[in-house]
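Visitor: Please take one part of this model and go through it closely. I would like to see how that part sits against the rest.

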Amino acid sequence: MLDKAIIRKIADKDLQELNVWMKHTGFQLRYKDDLLNFLADIGTDIKQGARPLARQIDQEVATPLAIRFCRIKAKVLT
């Protein structure tokens, strides 16, 4: 299994990629080490290593942000 520090680096890289998308929409993602630790804990698996990490980032970070983003856009348009 991968070391937690490596998983944190992978999570950080993935979150930075998400932040690039967010900047194009006018938002910026800021996060603390607690989020990286959380993702490193839930985004790994003995059999699959860090493969589940992307799915966890989608479920725990990207999807909730997209929902909030849509709600903000909807309020602006109404």
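Guide: A salt bridge here is a side-chain nitrogen of Lys or Arg within 4 Å of a carboxyl oxygen of Asp or Glu. Keep that cut-off in mind for a residue that comes up below. The model is predicted.

The part to look at is helix α3, residues 52–77. At 1.5 Å a residue, its 26 residues should span 38 Å, and the end C-alpha atoms are 36 Å apart, which agrees. The helix has a bend of about 40° at Asp-58.

Several residues of α3 are buried: Pro-52, Leu-53, Gln-56, Ile-57, Val-61, Ala-62 and Phe-69. An α-helix has 3.6 residues a turn, so residues three or four places apart point the same way. The cover over the buried residues of α3 includes α1 (4–24) and α2 (33–42).

Leu-53, Ile-57 and Val-61 also belong to the largest nonpolar core, which has 14 residues; they are among the members that touch the most others, as are Leu-15, Leu-18 and Leu-39. Two or more residues of this core come from each of α1, α2 and α3, and α1 gives the most, with five.

Asp-14 is buried but has no salt bridge: the nearest side chain of opposite charge, Lys-13, is 4.3 Å away.

Technical notes:
Residues numbered from 1 in each chain as written. Predicted model: local features only at pLDDT ≥ 70, side-chain atom pairs only at ≥ 80, totals over all residues. Heavy atoms only, no water. Helix = DSSP H or I, 4+ residues; strand = E, 2+ residues; numbered from the N terminus. Expected span 1.5 Å × (residues − 1). Bend = angle between axes of the 7 residues up to and from the residue. Buried < 20%, exposed > 50% of the residue type's maximum accessible area, 1.4 Å probe, protein only. Contact = heavy atoms within 4.5 Å. Lys, Arg positive; Asp, Glu negative; His and termini not counted. Core = buried A, V, L, I, M, F, W, Y, C linked by side-chain atoms within 4.5 Å.
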